[in-house]
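Trainee: I'd like to go through this protein model with you, one question at a time. Could you show it to me?

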Amino acid sequence: MSEHLDRLQRALGYRFRDDSLLRRALTHRSAGPDNNERLEFLGDGLLNLVMGEAVFMRQPKSAEGDLSRLRVTLVREEALAVAARRIDLGEVMLLGSGELKSGGFRRDSILADGLEALIGAVYLDSGFAEARQLCLHLFAPELEHLPDPATLKDAKTRLQERLQAVSRPLPEYTVLSEDGPPHRRVFRVRCRLPDDGGESEGEGASRKIAEQQSAERMLQRLSTSGERHA
């Protein structure tokens, strides 16, 4: 195990002074009471702060909403799991037998929590400057290639902004149906433009998903139709 921990610390670019903090950061709750949940809480707050600062400094002309969307792309579970896999975190996570059998070391949620716990552990081990440096190191590839904030807006927001830009009324969303058993519901939603009667429909496992799909289809309709005032 010590060899794996050495490899991990080299990948982190940081060596722990207190090995017990490192081991706690790597211990999932399924493996015992001295686990990483409290460190995860601490690391989550630190990561949000550092990534917020990072996008603020790298996007000097972006508005608050754009900065928030950029930060969300960096701190969401999927992004954390990608960063965790780059350092082979799953190989050193300490899991209970049930999680081991079910492949928990590959699960996004466990990897993301473990990464946040490591950040919290480094903060306790050496302070904010080292924890900040670790965050920047872990997410260097993502920070080097930040997406255009406009591409991060959801379909409903993009549709609303497009219509407002030409002084058109906002779309109306109506639930047309809700079918299926409780654990597998399917919602069908209509998006309607009140000024010209244009309609589109979307489906999804929730009303929110169905609304987003109907908005995306309405955007496609507006783009392909080439309407003069849209």
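Trainee: Which backbone nitrogen lies 3.1 Å from a polar atom of the side chain of Asn-35?

Mentor: Before that, a word on the ground rules: this is a predicted model, where local features need pLDDT of at least 70, side-chain atom pairs count only at pLDDT 80 or more, and totals for chains, interfaces and linings use all residues. Residues are numbered from 1 along each chain as its sequence is written, and side-chain values use heavy atoms, with hydrogens and water left out. Now look in the loop between α2 (19-25) and α3, where Asn-35 is found. Its side chain has a polar atom 3.1 Å from the backbone nitrogen of Glu-37.

Trainee: Is Asn-35 buried or exposed?

Mentor: Leaving aside neighbours within four places in sequence, Asn-35 is in contact (heavy atoms within 4.5 Å) with Arg-24, Thr-27, His-28 and Arg-29. The cut-offs are under 20% relative accessible area for buried, over 50% for exposed and partly exposed in between, using a 1.4 Å probe and protein chains only. Asn-35 has 14% relative accessibility, so Asn-35 counts as buried.

Trainee: How are α3 and α8 arranged relative to each other?

Mentor: Helices here are DSSP runs of H or I with at least four residues, strands are runs of E with at least two, and both are numbered from the N terminus. The axes of α3 (residues 37-58) and α8 (residues 128-138) come within 10 Å and cross at roughly 65°; axes are lines fitted to C-alpha atoms, for helices over the stretch in contact, with angles from 0 to 180 degrees between N-to-C directions. Under 35 degrees counts as roughly parallel, over 145 as roughly antiparallel, 65 to 115 as roughly perpendicular and the rest as oblique. So α3 is, relative to α8, roughly perpendicular.

Trainee: Which residues of α8 make the contact with α3?

Mentor: From the α3 side, the contributors include Leu-46, Val-50 and Ala-54. Facing them from α8 are Phe-128, Ala-131, Arg-132, Cys-135 and Leu-136.

Trainee: And what about α5 and α7, how do they lie to each other?

Mentor: Helix α5 covers residues 77-86 and helix α7 covers residues 108-126. Their axes come within 8 Å and cross at roughly 75°. Among the residues making the contact are Leu-80 and Ala-84 of α5, and Leu-111 and Leu-115 of α7. The two helices are therefore roughly perpendicular.

Trainee: Which residue caps the N-terminal end of α10?

Mentor: Look for a side-chain oxygen 3.1 Å from the backbone nitrogen of Lys-156. That oxygen belongs to Asp-154.

Trainee: What is the relative accessible area of Leu-8?

Mentor: Leu-8 lies in α1 (residues 2-12). Leaving aside neighbours within four places in sequence, Leu-8 is in contact with Leu-22, Leu-26, Ile-87, Leu-89 and Val-92. Leu-8 is buried, and its relative accessible area is 2%.

Notes. Polar contact = N/O pair within 3.5 Å; in protein donor to acceptor, adjacent residues only side chain to side chain.
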